[in-house]
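Please look over the sequence and the structure shown below.

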Amino acid sequence: MTITQHNLDGYGTPPIEWDRVRAVLDGPLPQAPGTGGPQRHTTWLTTTNPDGSPHVMPVGVQSVDGTWYFTSGPTTRKSRNLARDARCTVSVATEPFDLIIEGTADRVTDSSELTSVAAIYAADGWPAEVAGDALTAPFSAPSAGRAPWHLYRVQPTAVFALGTAEPFGATKFELG
C-alpha cells in the first residue's frame with residue numbers, strides 16, 4: 001500500500017508520523033466510561049442519505065490486524081445507506097489524535113472472516129456468534145437494530161490525524 005502524507009498544520013508543526021497513527025488504528029478503542037479520551041471512545045459513522053444529507057450514528061468498532069469492523073442491523077438507516085452508497089466516514093477522539101477515516105464500508109459475508117471477527121468481539125466482551133451471513137448475540141447497542149447484524153469492513157482511502165496532545169499537528173494520509 002502506498003501512503004502519501006500531507007501536512008495540514010498551518011503553524012509549522014511537523015507532520016504526524018504514520019507509525020503513530022497506525023498504532024492507534026491497530027489498537028483497542030474501548031467504549032466503557034473512563035477508558036479513553038475524552039472519558040471513553042465513541043466511534044461515529046457518517047453515511048449519506050438518499051437526498052445527499054449526512055447521517056451520523058455511533059458504532060462499536062473492532063480493530064483486527066489493522067482493519068476496522070462494525071455491525072449494523074439490515075433495516076437501520078446506516079445499513080440501507082451503505083447498501084446504496086458504500087462511501088462513509090468514521091471518526092473517533094483519542095488521546096494523541098482525533099482520527100477521521102474516509103473510505104467505504106463493505107459488507108462481510110465470508111464465513112471464515114465472520115467467524116474470526118465474531119471470536120474477537122466475544123473475547124472483548126460482546127458474545128457475538130455467526131448466524132448465516134451475519135452476527136447475532138443476546139444484546140447489542142440500541143442503534144444497531146435487532147439481530148442479526150451485518151458485519152462491515154472499513155476500507156480507508158484517507159486518514160486525517162489531528163493532534164490532541166503534544167506535539168499536536170495535523171496530517172492527512174492518502175492510502176492507495
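## A buried threonine

In this predicted model, T171 has a relative accessible area of 0%, so it counts as buried, the cut-off being under 20%. T171 belongs to strand β11.

A polar atom of the T171 side chain lies 2.7 Å from the backbone nitrogen of I16. Leaving aside neighbours within four places in sequence, T171 is in contact with Q5, H6, L8, P15, I16, V159, F160 and A161.

In soluble globular proteins, nonpolar side chains tend to be buried together. Here the largest nonpolar core has 25 residues, and those with the most contacts inside it are V21, L25, W68, F70, L99, I101 and V159. At least two residues of this core come from each of α1 (18–26), β5 (67–72), β6 (87–93), β7 (97–108), β10 (150–163) and β11 (170–175). Another core, of 14 residues, lies apart from it and includes V64, A118, Y121 and A128.

Beyond its neighbours within four places in sequence, W68 is in contact with residues including L25, L29, V61, V90, V92, I101 and V154.

## Backbone features in the loops

Two peptide bonds are described here. The bond from A147 to P148 is cis, with omega near 0°, and P148 sits in the loop between β9 (134–136) and β10. A cis bond also joins E166 and P167, with omega about 5°; P167 is in the loop between β10 and β11.

F168, also found in the loop between β10 and β11, is not a glycine, yet its phi is positive, near 65°. F168 is partly exposed, at 37% relative accessible area. D65, in the loop between β4 (62–64) and β5, is likewise not a glycine and has a positive phi of about 50°. D65 counts as exposed because its relative accessibility is 76%.

Definitions and conventions
Residues are numbered from 1 along each chain as its sequence is written. This is a predicted model: local features need pLDDT of at least 70, side-chain atom pairs count only at pLDDT 80 or more; totals for chains, interfaces and linings use all residues. Side-chain values use heavy atoms; hydrogens and water are left out. A nonpolar core is a set of buried Ala, Val, Leu, Ile, Met, Phe, Trp, Tyr and Cys residues joined through side-chain atoms within 4.5 Å. Buried means under 20% relative accessible area, exposed over 50%, partly exposed in between (1.4 Å probe, protein chains only). Helices (H or I, at least four residues) and strands (E, at least two) are DSSP runs, numbered from the N terminus. Contact means heavy atoms within 4.5 Å. A polar contact is a pair of N or O atoms within 3.5 Å; within protein, one must be able to donate a hydrogen and the other to accept it, and residues adjacent in sequence count only if both atoms are side-chain atoms.
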